[in-house]
Each structure stands twice: as structure tokens, then as C-alpha cells.
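Please look over the sequence and the structure before reading on.

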Amino acid sequence: MKALLSKASGGPDTLSLEELPDPVAGKGQVLVAVQACAINYPDVLIIEDKYQFKPPRPFAPGGEIAGVVEAVGEGVTDWAPGDRVIAVPGHGGLAEKLVLSPAQLYRLPEGRSFEEGAALLLTYATTIHALLDRGRLTAGQTLLVLGAAGGVGLAAIELGKAFGATVVAAVSSEEKAEAARAAGADATLVYPRGPLDKEASKALAEAFKAAVGPKGADVIYDPVGGDYAEPALRAIGWEGRYLVVGFPAGIPKLPLNLTLLKSCDVCGVFWGAFAARDPEANRAHVETLFRLWSEGKIAPRVTEVFPFAEGGTAIAKMAARAVIGKVVVRVAVT
Ligand SMILES: NC(=O)c1ccc[n+]([C@@H]2O[C@H](COP(=O)([O-])OP(=O)(O)OC[C@H]3O[C@@H](n4cnc5c(N)ncnc54)[C@H](OP(=O)(O)O)[C@@H]3O)[C@@H](O)[C@H]2O)c1
């Protein structure tokens, strides 16, 4: 089989498409022929050894896939060759074949494409956990989403609306603001691309406050970090929840006096660890996501599909802050 391998730490140009022996499904395992692999910001980080998990090299990046079961190992009864599945292996998705455990698999609903299926789970499952378990978001509350036209950002807009919140979307360009409105945001705010000096930081805090209204944001969803975090925290409401999701703009430091003044919580979000520690709760969230998907309340927004040989270009585009919604790599040529 072919796989897009990281053999040394570095950017997307270090990845190379290589031939490897086909993997085999062992006892209790399922062999999946990967059709599509969605790209996420962790793919930018993992190949540079900047992610929480550091797989031994050589490895293929690619955190979430959709494909077809090719073979099942001894003792597997729930899955059969031909089943269409989606999964979040974490890495290894940019390869033609992948061995997974049955517990990692979800059925791709009839009528849904492999590209859409591959782009569902990582962003929406992270976000439903963030908004409900960590953010305690309820109907009628105000949700401020940073980086709102990115993968998890658009998921936060759609889920925020599905849960009855008023959603204010903050992004770095008018084109991204348009995408946020198309996903259902009630209001949008365009912030500078940074870095922000003291004056710009103050101005952004005022812009966030004006956008969320006088009571402040009940929940702030921050997958961006950097210079945007403190101005956003200044716009939080009394007993608000600030969700720490990711740091493409850098790891920020927050003045803790702001938390005292608003009696607010700063909440870490680590979906992968949550799903490993509480698989039942995660499965229940995923069931909710499939229901919302079938009701048309959420839908992965795949804006570009790359051929397998250009998987590195897809990752480079994400690193360059140039992606709107989700980009997907078509792994199988069918
Ligand atoms: N905590 C968890 O469990 C979990 C799970 C999944 C993902 N994440 C994290 O969430 C973050 C977003 O992931 P994603 O897949 O949604 O990525 P994404 O689609 O690239 O979205 C990230 C957004 O960050 C903004 N950004 C600001 N500075 C940037 C920079 N220097 N480079 C790139 N983007 C920049 C961009 O929006 P603007 O241009 O509008 O600012 C971009 O749309 C990542 O840090 C990822 O690791 C965390």
C-alpha cells in the first residue's frame, strides 16, 4: 500500500509518498481501506513533534478517516467486509490501509460521501464535549467563538445554534466572516491578523465587548490563543466559562485577576483524553452528532478535496491560516 510518511521532524514538504507492506487484521482487529482522510490542525503539529502525542517514525499523519472494511480478524462479529465506516485513529489516516479496533469504528450513514464522513468526528466531537461538559452552555446564552471559520470554529457555530445559543463569530477576514454567517452565526467580528500591541489589544477587547453585549459572553470558545485570548477574556460575563481549545496563534498567558473580577472559569478541553477516559459519554455525544447531522442541524463543510499525492499541500494550507471549513484528502482513487 501507499502511505504519506513523516520520516523526520519538519513541515509538510518533509512528507513522502512511499510503498509499504499491506497491514493485516489480527485477532479482534478490522482492516479498513481508507477512502478519504480529513486534515486538522493537529496534523500541522504532529509532523513537527509539537503535538501532545509523538508517534514513533516513520508514521503517516491524518487523524480522521472514512473508508470501507476490507477484512476482519478472528472474533470480530460486529463488522463485515464492505461496511462503510468512519474513525478517528489520531494519526495513520494518510495511508491506503489501516488496522483499527472495532470500538473505534462508526457506521457512515447511507447517502453520505466519504469526504463528509471523514470530516465529521474530530471537530464536532471535540466541540460538543467542550460546549456541554466543560462550557455548560444552555439555550439563551451568548457564545463567542474565535477562529470561527476554521474546522472546530464552524462546528462551534453550528452546535451553539443547535443548542439555542446566540453565537458571535470572530475571524481574521471578511471572507471568513461570510463563511461564519453561512454556518448560522448571529453576528460577526473581524479581528486583525496580529501580533497585537497594547493599543490593539485594548481596542480588540472593546470590540469583543461591543459584539457580545453588556452582559458579556457566557461561554468563549477559543481554538486560537496567542494575542487574542486576553482581549476575549475581558469580554466574558459574570460566572462565564472560557474554553481553552488550541493555540495556532501561540500559547497565551492570562492575568488571573480577570477571573476574580468576573467570577469566571478558565476550562481546559482535551477531547482525546476525555474520549479515552469516558468512552460511554463520548459515544453518547457521537450519537447526538449523528442525529443532528440527519436533522440538517450540522454538516461538515468540506471546501476543498486534494489528491493523495498532494496531502502535504493540504497540511501546508492549514498551517498558512488559509483554510475555511475542512479540507480533505482523497486517498483511494475510485
Ligand atoms: N482541545 C482539543 O481536544 C482539540 C481537538 C481538536 C483540535 N484542537 C485544536 O484546535 C485548534 C484548531 O484546530 P482546527 O483543526 O479547527 O484548525 P483550523 O481549521 O486551522 O482553525 C484554526 C483557526 O485559528 C486561526 N489562527 C490564528 N492564528 C493562526 C495561525 N498562525 N495559523 C493558523 N491558524 C491560525 C485561524 O482563524 P482566523 O484566521 O480567523 O484567526 C484558523 O481558522 C488547533 O490548535 C487544534 O490543535 C484541539
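## A loop residue, E295

E295 sits in the loop that runs between helix α10 (279–294) and strand β14 (302–307). Helices and strands here are DSSP runs, numbered from the N terminus: helices are H or I runs of at least four residues, and strands are E runs of at least two. With a relative accessible area of 40%, E295 is partly exposed.

## Basis of the model

The model is predicted: local features need pLDDT of at least 70, and side-chain atom pairs count only at pLDDT 80 or more, while totals for chains, interfaces and linings use all residues. Residues are numbered from 1 along each chain as its sequence is written, and side-chain values use heavy atoms, with hydrogens and water left out.

## The ligand and its shell

How many residues surround the ligand? There are 26, and the closest are S172, K176, Y191, V269 and W271. The shell divides into 17 nonpolar, seven polar and two charged residues. In this division Ala, Val, Leu, Ile, Met, Phe, Trp, Tyr, Cys and Pro count as nonpolar, Asp, Glu, Lys and Arg as charged, and the others, Gly among them, as polar. Helices α1 (41–46), α3 (121–134), α4 (151–162) and α11 (311–319) each supply at least two residues of the shell.

Several polar atoms face the ligand. One oxygen atom of the ligand is 2.6 Å from an N or O atom in the side chain of S172. An oxygen atom of the ligand is also 2.8 Å from a polar backbone atom of G151, and a nitrogen atom of the ligand is 3.0 Å from a polar backbone atom of V245. Taken alone the ligand exposes 900 Å², and the protein buries 92% of that. These areas come from the Shrake-Rupley method with a 1.4 Å probe; for residues, only the protein chains shown count as cover.

In soluble globular proteins, nonpolar side chains tend to be buried together. The largest nonpolar core in this model has 54 residues, of which L143, I157, L159 and Y221 touch the most other members. Helix α3 gives the most to this core, with seven residues. A second, separate core has 31 residues, including W79, L100, A314 and V323. A core is a set of buried Ala, Val, Leu, Ile, Met, Phe, Trp, Tyr and Cys residues joined through side-chain atoms within 4.5 Å.

L143 belongs to strand β8 (residues 142–145). Its relative accessible area is 0%, so L143 is buried. Leaving aside neighbours up to four places away in sequence, L143 touches residues including L131, L137, A156, G160 and Y221; contact means heavy atoms within 4.5 Å. L143 and G160 are 17 residues apart along the chain, and their C-alpha atoms are separated by 7.0 Å.

## Charged residues, buried and exposed

Is K326 buried or exposed? K326 counts as buried because its relative accessibility is 4%. K326 lies in strand β15 (residues 326–330), and among the residues it touches beyond four places in sequence are E64, G151, R301 and E304.

E115, in helix α2 (residues 114–118), also counts as buried, at 15% relative accessibility. A polar contact of 3.0 Å joins the side chains of E115 and R330. Such a contact is a pair of N or O atoms within 3.5 Å; within protein, one must be able to donate a hydrogen and the other to accept it, and residues adjacent in sequence count only if both atoms are side-chain atoms. By contrast, E175 in helix α5 (residues 174–182) is exposed, with a relative accessible area of 61%.

## Backbone features

The peptide bond from R57 to P58 is cis, with omega near -5 degrees. P58 lies in the loop between α1 and β4 (64–72).

R136, in the loop between α3 and β8, has a positive phi near 45 degrees and is not a glycine. E239, in strand β12 (residues 236–244), has a positive phi of about 60 degrees, although E239 is not a glycine. R136 is partly exposed at 44%, and E239 is partly exposed at 45%.

Definitions and conventions: Buried < 20%, exposed > 50% of the residue type's maximum accessible area, 1.4 Å probe, protein only. Near = heavy atom within 4 Å.
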